[in-house]
Amino acid sequence: MLNTDNEYKRIESSTDACSIIKALIDASGDHVSGSLLAESLGISRPAIHGKLEKLRDQGFTIEAIRNRGYRISKLPEVLHPSLLRHELDQLGCELPVLYYPVIDSTNNEAERQLTHGRKGPFAVTSSCQTKGRGRLGRTWQSGSADNLYQSVLFEPNIPAQQLQHFTLWAGIHICRALKALTPKAPLKIKWPNDLHCEGRKFAGMLTEAKMDADGIRSIVFGVGINVNSNPTQFPAEIRTLATSLYAIHGEELPLNTVAAVTLKAITAAYDACIQGTSEESLPEAWAPLNALEGKSVTALRGNTEITGIAGGIDVTGALLIETPNGVEAIRAGDVTLKKNIPNS
Ligand code: BTN
């Protein structure tokens, strides 16, 4: 096992727990006999009993009926490494995941793991970050276990140009995956790295790359998603600017499912960039998800303010702003929505 020499405790997923979870979930509400579970795992019935007790302690509601067996009636509301592994396996996503109940920052831990010899790709996920980082040196509020804090590290070893649009594509893939879980909600992307719904931010992305003369050595893509937190509990300074999928959707979402579809979306975006196989152009894929289209915005280029009406993005990923002097392409930085429309 890799020792990253830090104080954070990692909880591993367990193959036996994954198999039990799979058998019970696959039974779709029917009972599964203890002897069948024992036989398929190659362990004794008392051992199965012990493992079921442990799952109950971890938030699963598992009913037992004499002569019929076991049935899952409720899944844990918090991140659970074996359930997450099961969900990823169901999606055909083999990405290894390291789960920490508490970490400073999942981006930091991904870097530390790489430094200590772990090979990418792998994900780091946590229920709480003590030093969650946002873009442009900001802090990312990370105290609630109802939300997701995840990073995926890749080792591309390819020229930087090939991955220059990775973050935008990852945003597109994540937004689409979350829309599939909340079909009625108008989830959008606010260029370049925020996910918004009706003017409020519910997720942010932070990409950090290490390069040398030969290209990108490693890239860490981090995403924080407000999933089941209640915006009325948010710190006062972000309460009017931020939201959560729970507030948007009107009911809680299964956290492990949201984690799994997000990780799968990130790897799909990465694979598409590496293989260059995407049949859609970036501007076309962006257009239906563009939170800024037609909005009055201000962007900063150096110290110069560019104000106008936002359009789409071009093939380089730059945001196009129509100004009185013509169309300006904004390549980096942040955009502020004008006229009392909140953003962050
Ligand atoms: C932003 O909107 O400014 C980007 C926020 C990125 C937050 C995520 S949470 C997981 C990963 N770990 C971090 O410390 N930051 C990113």
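Student: Where does pLDDT stay under 50?

Tutor: In this predicted model, pLDDT (the predictor's confidence in each residue, from 0 to 100) stays under 50 over residues 340-344. For that stretch the model has 17 contacts beyond four places in sequence, a contact being heavy atoms within 4.5 Å. The chain averages a pLDDT of 94, and 97% of the residues score at least 70. Local features need pLDDT of at least 70, and side-chain atom pairs count only at 80 or more, whereas totals for chains, interfaces and linings use all residues. Residues are numbered from 1 along each chain as its sequence is written, and side-chain values use heavy atoms, without hydrogens and water.

Student: Why are α4 and α8 called oblique to each other?

Tutor: The axes of α4 (residues 81-90) and α8 (residues 255-275) cross at roughly 45 degrees and come within 9 Å. Angles under 35 degrees count as roughly parallel, over 145 as roughly antiparallel, 65 to 115 as roughly perpendicular and the rest as oblique. The two helices are therefore oblique.

Student: Which residues of α4 and α8 meet?

Tutor: L83, L84, E87 and L88 in α4 meet N256, T257, A259, A260 and L263 in α8.

Student: What makes β7 and β8 a pair?

Tutor: Two strands pair if DSSP finds at least two bridges between them. β7 (residues 194-197) and β8 (residues 200-212) have four bridges, in the antiparallel sense; D194 stands opposite G204 in β8. β7 and β8 form a hairpin with two residues between them, and E198 in the turn has a positive phi of about 45 degrees.

How values were computed: Axes fitted to C-alpha atoms, helices over the stretch in contact; angles between N-to-C directions.
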